[in-house]
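Reader: Can we go through this one together? Start with the helix geometry, then the cavities.

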Amino acid sequence: MTQKTRQQLVEELTRSHAELRRLLESVAPVQDWQREPAEWSFRYIAAHLATVERAFHLARLMHIASGDEPRLAGYSQRGLHMARCDLHDSLDQWALARQELLTFVATLEEADLSLTGIHADLGAITLLDALDEVARQDRGHIRHVRQLIRDFYEDQRPAVPCYEGPFVLN
């Protein structure tokens, strides 16, 4: 599926991690802001990134690299209480998990990159495809966080008072 090389994916994941971290650190003072009660706060997004990286992305890559052609189930966050995590702590944990993922990928032999797993939605995917999926999710998170930041600043903008006097046309 993906035409990207390991090096291209590693570079993309390094860039997207840095971009997401920069965006989330910029809103750390308001990490609990939510557009609406059902929306994730910035704190929750950072905790999600840390949790998913280690418990899901890295585990999935390791499972594919085992050569057993695993069935890859979907990810569930049920029972996790990520809203209690400090944004900075979560970003630090995510950085460690991302480095662990990239280090693991660097240790793989070239032949390992074409090992496959069976994704519930995509069918057979290679290890590189799974890595590209991580990059795709990063891009989605970047778009989402950028939109939330725009919404936050829009929400903070004072209302413009309406002119209530008479209009005079000359």
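Author: Helices are DSSP runs of H or I, at least four residues, numbered from the N terminus. This is a predicted model: local features need pLDDT of at least 70, side-chain atom pairs count only at pLDDT 80 or more, and totals for chains, interfaces and linings use all residues. Residues are numbered from 1 along each chain as its sequence is written, and side-chain values use heavy atoms, without hydrogens and water.

Reader: How many of the 24 residues of α2 are buried?

Author: 18 of them, where buried means under 20% relative accessible area with a 1.4 Å probe, protein chains only.

Reader: And just after α2, which residue takes a positive phi?

Author: Gly67, at about 85°.

Reader: Cavities now. What is the volume of the largest?

Author: About 50 Å³. A cavity is a set of points on a 1 Å grid over the protein atoms alone where a 1.4 Å probe fits but cannot get out, and lining residues have an atom within 4 Å of a point. Points are joined across faces, edges and corners, and the volume is the space filled by probe spheres set on them.

Reader: Which helix gives the largest share of its lining?

Author: α2, with five residues. α3 (87–107) and α4 (127–156) each supply at least two. The lining includes His48, Trp94 and Asp138.

Reader: What lines the second largest cavity?

Author: Phe56, His57, Arg60, Ala130, Glu133, Val134 and Gln137. Here the largest share, four residues, comes from α4.

Notes: Buried < 20%, exposed > 50% of the residue type's maximum accessible area, 1.4 Å probe, protein only. 1 Å grid on protein atoms, 1.4 Å probe; cavity = no way out; pocket = protein on both sides within 12 Å on 5 of 7 lines; lining within 4 Å.
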